[in-house]
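Colleague: I am new to this structure and would like to learn how to read it. Please take me through it one feature at a time.

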Amino acid sequence: MTSLHTNRVRTRSLGVAVAAAGLLTTLLAAGPAAATPDPGDLMPGTPSGQRVSGQGSGIAEGREIAPGEIPGQDEIVHSKNIKPLANIPSANPDGINSDLAFQGRYAYAGSYDGFTIYDIGNPNAPKTVSRVLCPGGQNDISVSGDLLFVSTDSSRSDDSCNSVSQPATEKSSWEGIKIFDIKDKKNPKYIKSVETACGSHTHTLVPGGRDIYLYVSSYSPNEAFPDCKPPHDGISVIKVPKKAPTQAAVVAFPILFPDGGNPGGPANPGVSKTTGCHDITVLPSKNLAAGACMGDGILFDISAPEQPKVIDRVQDNVNFAFWHSATFNERANKVVFTDELGGGSGATCDEATGPNRGADGIYDITGRGDQRELVFRSYFKIPRHQADTENCVAHNGSLIPVGDGRDIMVQAWYQGGISVWDFTDSDRPEEIGYFERGPLTTDKLGLGGSWSAYYYNGHIYSNDIAKGLDVLRLDDWRTESAKWVWMDRLNVQSQPAYH
């Protein structure tokens with residue numbers, strides 16, 4: 001039986017929450033769950049597989065900032081323990097870069113245009129190997145062997161890489177998962193598509209023996225959308241046979257919220273109504289998953305991958321507006337959930353918003369088996385205020401595998417930059433390093449900054465929405481042990497057992 005307990009802390013400022021929610025609503029596109037415009041629509045008909053040149057160059061050394069200081073436009077600032085090594089500028093400066101995955105010496109970077117493969121064998125001088133143009137937001141990405149998976153959550157005219165935007169009200173519109181063969185890194189091949197209900201905002205790779213499973217997260221159904229009607233109370237499960245990936249198909253749609261989930265406003269003002277999940281992180285070594293599902297956070301058992309079972313469910317109707325993503329610690333006795341207040345497009349890292357909204361929520365996992373519960377402990381938010389022209393809120397990050405019972409992660413905060421923070425003490429998290437650029441613009445709210453910041457084989461890699469791929473080195477006594485952990489792949493939402 002699923003328990004539901006609510007974290008009650010200090011009263012939120014409802015005026016700010018409603019204003020942020022209004023901004024997000026304004027930005028929603030015709031397709032379900034499209035939180036930002038699709039720049040791919042600006043260049044329809046572009047063929048896939050185009051190879052482009054590009055090599056990383058060093059980034060000028062920045063400086064530390066004084067408390068309360070906001071750096072100048074595009075100015076690079078960082079803590080003493082972080083050194084910027086390289087940057088490959090975006091191939092499309094007007095595009096939107098999204099998530100990252102890693103395998104061997106390669107980094108795979110999604111964008112609303114498609115995806116780019118980088119050679120990061122030399123982190124000081126990464127190189128562009130190929131760029132596949134295949135428009136469709138968000139194009140979040142994961143890799144397994146010779147297969148690459150991307151999520152399409154913008155309504156398209158068909159499943160091809162030549163598609164154009166088309167209203168979700170039309171039955172022929174397509175959204176879902178695209179599968180590429182990446183054996184030849186210079187010439188990836190599109191081999192299969194799988195349409196899913198309400199598209200695929202994000203997806204999570206669940207490794208297996210003969211088969212790979214994908215948990216597809218999507219949300220925001222509408223009676224006017226033929227392929228995305230309410231209720232939408234679960235996730236799509238895709239089964240991909242490793243030896244026959246073109247036979248990939250949806251095999252289940254488990255219901256995670258039989259009671260409909262968080263009702264949102266007006267019952268819970270400023271809180272998103274739960275109509276699906278935004279993102280799921282699995283921990284295969286423990287048969288666990290944590291779901292960030294709009295108005296709810298859930299913990300579930302994935303020992304039967306086609307039939308995930310919810311163990312516990314929590315809400316925070318005081319300080320969380322939109323449950324966005326989740327990260328387990330190494331011992332699997334904590335989960336960090338993020339709140340994407342303002343949908344990633346608002347300026348919420350300021351004094352008016354405060355330290356508890358648009359932040360991370362740290363939850364301990366207590367109990368055993370089906371009696372495990374998520375217990376709220378504290379919030380973490382970057383201690384550096386941002387300008388009112390900078391979109392900033394908690395976003396994608398990963399653990400730094402330091403071991404020894406310590407919990408440290410790196411995290412993207414859009415134009416708030418990249419934060420390295422320690423949550424070993426669940427009640428007293430603290431930032432121990434940072435990297436950021438000053439505002440993209442000083443006269444109006446802009447969209448930019450780090451979408452995803454992940455630690456992989458001794459370095460931090462960030463996919464900056466506007467600036468492209470950044471490579472950073474972290475030199476800190478608290479994280480030195482992580483440099484001895486070497487991985488052959490990393491899909492962050494498929495969290496490995498590092499030690």
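**Rings, backbone and cavities**

Modeller: This is a predicted model.

Colleague: Which strand holds Y363, and which residue does Y363 pair with?

Modeller: A pair of aromatic rings is described by the distance of the centres and the angle of the planes. Here, Y363 pairs with F376 at 5.5 Å centre to centre, with 70° between the planes, and the pair is edge-to-face.

Colleague: Where in the chain do F320 and Y379 lie, and are they buried or exposed?

Modeller: F320 is in the loop between β19 (309–315) and β20 (323–328), while Y379 is in strand β23 (residues 373–380), so the pair ties together parts that are 59 residues apart in sequence. Both F320 and Y379 are buried.

Colleague: Which residues form one aromatic cluster?

Modeller: The cluster consists of F320, W323, F337, Y363, F376 and Y379.

Colleague: Turning to the backbone, which peptide bonds are cis?

Modeller: Look at omega. The bond from P230 to P231 is cis, with omega near -5°. P231 sits in the loop between β13 (211–217) and β14 (236–241). Another cis peptide bond joins G265 and P266, where omega is about 5°. P266 is in the loop between β15 (249–252) and β16 (279–283).

Colleague: What is the phi of N139, and what is the phi of N457?

Modeller: N139 has phi near 60°, a positive value in a residue other than glycine. N457 is not a glycine either, and its phi is positive at about 50°.

Colleague: Where do N139 and N457 lie, and are they buried or exposed?

Modeller: N139 lies in strand β8 (residues 138–144). With a relative accessible area of 1%, N139 is buried. N457 is found in the loop between β28 (450–456) and β29 (459–464). N457 also counts as buried, at 8% relative accessibility.

Colleague: Last topic: how many cavities of 30 Å³ or more does a search of the whole structure find?

Modeller: Rolling a probe the size of a water molecule over the atoms shows where empty space is left. In this model the search finds five cavities of 30 Å³ or more. The largest cavity has a volume of about 130 Å³.

Colleague: Which residues lie nearest the centre of the largest cavity, and which elements give two or more residues to its lining?

Modeller: Its lining has 18 residues, and Y414, R437, G449, S450 and D464 lie nearest the centre. The elements that give two or more residues to this lining are β27 (430–437) and β29. β27 gives the most, with three residues.

Colleague: How do the lining residues of the largest cavity divide into nonpolar, polar and charged?

Modeller: Five are nonpolar, seven are polar and six are charged.

Notes: Residues numbered from 1 in each chain as written. Predicted model: local features only at pLDDT ≥ 70, side-chain atom pairs only at ≥ 80, totals over all residues. Heavy atoms only, no water. Helix = DSSP H or I, 4+ residues; strand = E, 2+ residues; numbered from the N terminus. Buried < 20%, exposed > 50% of the residue type's maximum accessible area, 1.4 Å probe, protein only. Phe/Tyr/Trp six-rings, centres within 6.5 Å; stacked < 30°, edge-to-face > 60°. 1 Å grid on protein atoms, 1.4 Å probe; cavity = no way out; pocket = protein on both sides within 12 Å on 5 of 7 lines; lining within 4 Å. Points joined across faces, edges and corners; volume = space filled by probe spheres on them. Nonpolar A, V, L, I, M, F, W, Y, C, P; charged D, E, K, R; others polar.
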